[in-house]
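Biologist: Hi! Could you walk me through this one? I'm new to reading structures.
Modeller: Happy to, let's take a look together.

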Amino acid sequence: MFKSRHQMISLAIVLVFGFTLFYIGTDGFTAFTEETARTNKLIEEQPLLPDITLEDSKGREYSFDEFEGKYMLMTFIYTACSTVCPQLEMNTAEIYESLPEKYIGEDIVFMSVSFDPERDTPEILDRYRTYFGSDGETWRMVRIPDEQELQSVLDEFGVIVIPDGEGDFQHNVAYYLVDKDGYLVDVLDFSDVEGAKARVLETLEQEGEG
Amino acid sequence: MKQAIYGLILYVFLMIPPVVHLSESIMSIHMHMQMPLLGIAGMFMTPFLQKKFPSFFKKWNENGIPGIILFFIVFFYWLLPRAMDETLILTHVEVFKFISWPFLIGVSLRDSWAKLSNAWKNAVYIIVSVAYLGMAWLYIFSPDQLCNNYLIVEQRTLGWGFLLIAFCILLYFVQTLFIDQSQYE
């Protein structure tokens, strides 16, 4: 097939180049989509939650410091969403209900953050939370009123929100597990409820022992 | 020479910022127009490069096989959903797109094509169309958002685009088997 040595050399170069290209382009054949790459990177980097102001469904304003010393299971949603958010919050409710009561509110709080502060006023959030059995205390629904602050949280956690021009948003969906000091420690698949339950419970139990 | 100028004009045109912005704002145009057009720009520039560096092409790509393998590798890289996403967020990937499509895909395809045997050419048609059918299946039926920067509805549209192109290539391929091209040349 190859008459000359040059052909062999150039083919070898091409193959090495190709291997390198794919190796770098997929982080060593681990991430073929940007979402996987993003999740891997977040887990590796463990970013700190920015210091910003939240407003909850009762109209109270505070920052993430309020929850220092507690784990936080976060989701990012908007209430007008009719597709994935209700599913996500249903799954959240399942996790919330499955955890032993002693942990709820003491060692962990649930936090659903709206990225649509314009429409998701405290009144709307207060109604929305009742659909999923959130009590507004140990599972809070909040918005981030300041646009820049909202963007900083989304950027830090790699949440990409694209308005579709008809009042809806396309966004990536996951559970974000934040530790007692406000560092993101894990990103969980929202559709794998059992896996997420196990991961949260394991974390809380370890904390109880330690 | 004229071809090379057309190629260069097309290449420069595709690099104008508003054109870049427009062609990347819609997923199908990004994948099925911008990228292939960059490849075509490279193909137009190939004869000029061949004339400029005749020994390079002759020496290193004598039978066309290293070239066509290079074509496949880079081409498959750009089929990764992640590659397209990253052009939008990482500058070096965007730069790589503008270099690799014309010079690694376009040039190596055209330079190799003339040197390849019919069996190889047939293999190229089949591999590209099978890959496109696979991508069509993936993009149409994937329940997940594959590219973070594009809507799922765009993703499905892109899938149908892949399907259409795959059928066109297959159709062309099949007719090459039955119709003697030399009669029309």
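**A chat about a few residues**

Modeller: Let's start with Glu94(B), which is buried, with a relative accessible area of 13%. Keep in mind that this is a predicted model.

Biologist: Okay! Where does Glu94(B) sit in chain B?

Modeller: Glu94(B) belongs to helix α7, which covers residues 91–113 of chain B.

Biologist: And which residues does Glu94(B) contact, leaving aside its neighbours within four places in sequence?

Modeller: With those set aside, Glu94(B) is in contact with Val20(B), Glu24(B) and Thr87(B).

Biologist: Switching to chain A: where does UniProt place the feature "binding site"?

Modeller: The UniProt record, an unreviewed entry, puts it at Cys81(A), Cys85(A) and His171(A). These residues span 91 residues in sequence, but no two of their C-alpha atoms are more than 10.3 Å apart, so they gather at one spot. Of these residues, Cys81(A) and His171(A) are included in the lining of the largest pocket.

Biologist: Is Cys81(A) buried or exposed?

Modeller: Buried: its relative accessibility is 5%, and under 20% counts as buried. Cys81(A) lies in the loop between β3 (71–77) and α3 (84–98) of chain A. Not counting residues up to four places away in sequence, Cys81(A) touches Pro86(A), Asp168(A) and His171(A).

Biologist: What about His171(A), buried or exposed?

Modeller: His171(A) counts as buried too, at 6% relative accessibility. His171(A) is in strand β7, residues 169–171 of chain A.

Biologist: Which residues is His171(A) in contact with, again leaving aside neighbours within four places in sequence?

Modeller: Among them are Cys81(A), Cys85(A), Phe115(A) and, from chain B, Gln145(B).

Terms used
Residues numbered from 1 in each chain as written. Chains lettered and ligands numbered in written order. Predicted model: local features only at pLDDT ≥ 70, side-chain atom pairs only at ≥ 80, totals over all residues. Heavy atoms only, no water. UniProt positions renumbered as here; feature names shortened; annotations may be inferred. 1 Å grid on protein atoms, 1.4 Å probe; cavity = no way out; pocket = protein on both sides within 12 Å on 5 of 7 lines; lining within 4 Å. Helix = DSSP H or I, 4+ residues; strand = E, 2+ residues; numbered from the N terminus. Buried < 20%, exposed > 50% of the residue type's maximum accessible area, 1.4 Å probe, protein only. Contact = heavy atoms within 4.5 Å.
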